[in-house]
Amino acid sequence: MKILVLGATGYAGFHISRALRQDGHTVRGLTRDATSNRARELLVEEVRPVEGLMSDPETYRAALEDADAVVCAALDMSDPLGSDRLLFRTLREVQARTGRSRHLVFTTGITFLTTTGDVWDERTPADPGNPLHLRAQAEQDLADSGLPHTVLRPTFIYGGSGRTSKSAQWFAAARTGEPVFYGDSTKRYTWVHVDDLAAAYVAVLRRPDAFDGEVFMLGDEHQPTLLDVQRACLNAAGYTGDIVFQSAEEGGMLESCADRDELVDSTKARTLLGWQPRHPGILEDTLTYYAAWDRAQSPN
């Protein structure tokens with residue numbers, strides 16, 4: 001297929017684009033600047049950059065019209081729900097004009113789900129009071145749109161360049177000597193390696209019609225405490241000093257929203273998609289993940 005990836009120069013989007021190309025698809029990747037280093041890295045992976053803005057579908061409408069499927073791995077922080085709705089509307093317009101639908105694989109997350117004290121799955125309801133509830137609203141708008149689609153909800157991502165991951169933040173904090181842990185020191189998260197995550201998009205787009213309207217949670221089977229993960233990342237980066245503990249509120253909105261256990265059951269993805277995480281877990285090979293992040297800081 002011809003696939004357009006929105007957010008192709010981002011952390012997850014880059015790995016998704018590469019995996020889709022390696023699976024034999026023709027892949028184009030939306031980027032703000034087609035001359036950037038990251039866009040040039042896409043070219044090396046045989047992914048063709050498309051210059052445009054998530055907030056302005058007219059800048060990438062031609063690529064949408066040429067595509068057979070679309071992956072949205074982007075989040076427009078200036079107007080996330082507004083940009084998502086523009087994407088849905090433009091896809092409907094393109095479908096009506098060409099008489100041909102494009103399957104949309106839409107990425108959200110898990111932190112907007114309600115606190116239940118249990119392991120979450122696709123049936124766990126969203127929390128209307130959560131500041132990230134707009135991701136649940138986007139999912140509902142997509143379901144109401146009639147567009148062929150699949151929703152993927154990654155857990156906390158690690159591996160590769162790290163980029164915007166928590167592990168990368170801690171590797172960087174080890175260098176400055178100022179690591180901070182925010183909130184409840186006993187909370188546990190589910191994680192997913194970025195290449196395992198990308199494999200789920202490949203699985204969906206091998207049989208998109210089979211997964212129309214489905215939602216999948218994506219995480220491995222490990223449930224480490226976040227503090228253990230932070231310590232492992234700091235140690236891998238050579239830091240053996242103290243960690244400063246602060247309230248979740250001091251860390252900002254995202255830390256406050258995720259100041260709890262966020263544990264996921266991915267049985268549905270394993271059963272229907274045939275998806276299986278292949279990496280050993282974030283605590284099992286932290287030195288490798290640090291080395292990858294470290295190399296990405298000076299690619300030349």
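Colleague: At what angle do helix α1 and helix α7 pack, and how far apart are their axes?

Modeller: In this predicted model, α1 (residues 11-22) and α7 (residues 194-206) pack at an angle of about 50°, and their axes are 8 Å apart.

Colleague: What makes α1 oblique to α7?

Modeller: The angle is about 50°. Angles under 35 degrees count as roughly parallel, and 65 to 115 as roughly perpendicular. The crossing of α1 past α7 is right-handed.

Colleague: Which residues of α1 and α7 meet?

Modeller: On the α1 side they are Tyr-11, Ala-12, His-15, Ile-16, Arg-18, Ala-19 and Leu-20. On the α7 side they are Val-194, Asp-195, Leu-197, Ala-198, Tyr-201, Val-202 and Leu-205. By class, this contact has 11 nonpolar, one polar and two charged residues.

Colleague: Why is the pair Arg-18 and Asp-195 called a salt bridge?

Modeller: The N to O distance between the two side chains is 3.5 Å. The cut-off is 4 Å, from a side-chain nitrogen of Lys or Arg to a carboxyl oxygen of Asp or Glu. The distance is within the cut-off, so the pair counts as a salt bridge. Arg-18 is in helix α1 and Asp-195 in helix α7, 177 residues apart, so the pair links distant parts of the chain.

Colleague: How do you know that Asp-195 is partly exposed?

Modeller: Asp-195 has a relative accessible area of 30%. Buried means under 20% and exposed over 50%. The value lies in between, so Asp-195 is partly exposed.

Colleague: How many salt bridges does the structure hold?

Modeller: The structure holds 22. Among them is the one between Asp-68 and Arg-100, with the closest N and O atoms 3.1 Å apart.

Colleague: Why does the pair Asp-68 and Arg-100 tie together parts of the chain?

Modeller: Asp-68 lies in the loop between α3 (61-66) and β4 (69-72), and Arg-100 in the loop between α4 (80-98) and β5 (103-107), so the parts tied together are 32 residues apart in sequence. Asp-68 is partly exposed at 29% relative accessible area, and Arg-100 counts as partly exposed at 31%.

Colleague: What makes Asp-261 and Arg-188 a salt bridge?

Modeller: Their closest N and O atoms are 4.0 Å apart. The definition asks for within 4 Å, and the pair is counted as a salt bridge. Asp-261 sits in the loop between α9 (253-257) and α10 (267-273), while Arg-188 sits in the loop between β8 (180-182) and β9 (191-193), 73 residues apart. Asp-261 is partly exposed, with a relative accessible area of 36%, and Arg-188 counts as partly exposed at 28%.

Colleague: Which residues are linked in a network of salt bridges?

Modeller: Glu-58, Arg-61, Arg-89 and Glu-93 are linked in this way.

Colleague: Why is Val-204 called buried?

Modeller: Val-204 lies in helix α7. Its relative accessible area is 0%, and buried means under 20%, so Val-204 is buried. Leaving aside neighbours within four places in sequence, Val-204 is in contact with His-103, Val-105, Thr-150, Leu-152, Phe-211 and Leu-273. Val-204 and Gly-274 are 70 residues apart in sequence and 9.8 Å apart in space, C-alpha to C-alpha.

Colleague: How do you know that Ser-83 is buried?

Modeller: Ser-83, in helix α4, has a relative accessible area of 2%. The limit for buried is under 20%, so Ser-83 is buried. With neighbours within four places in sequence left aside, Ser-83 is in contact with Met-54, Ser-55 and Asp-76.

Colleague: Which elements do the buried residues of α6 pack against?

Modeller: They pack against β7 (156-158), β8, β9, α8 (226-236), α9 and α11 (286-296). The buried residues of α6 (residues 166-176) include Trp-170 and Phe-171. Gly-177 follows α6, with a positive phi near 75°.

Conventions: Residues numbered from 1 in each chain as written. Predicted model: local features only at pLDDT ≥ 70, side-chain atom pairs only at ≥ 80, totals over all residues. Heavy atoms only, no water. Axes fitted to C-alpha atoms, helices over the stretch in contact; angles between N-to-C directions. Helix = DSSP H or I, 4+ residues; strand = E, 2+ residues; numbered from the N terminus. Parallel < 35°, antiparallel > 145°, perpendicular 65-115°, else oblique. Left-handed = near helix turned anticlockwise from the far one by under 90°. Contact = heavy atoms within 4.5 Å. Nonpolar A, V, L, I, M, F, W, Y, C, P; charged D, E, K, R; others polar. Buried < 20%, exposed > 50% of the residue type's maximum accessible area, 1.4 Å probe, protein only.
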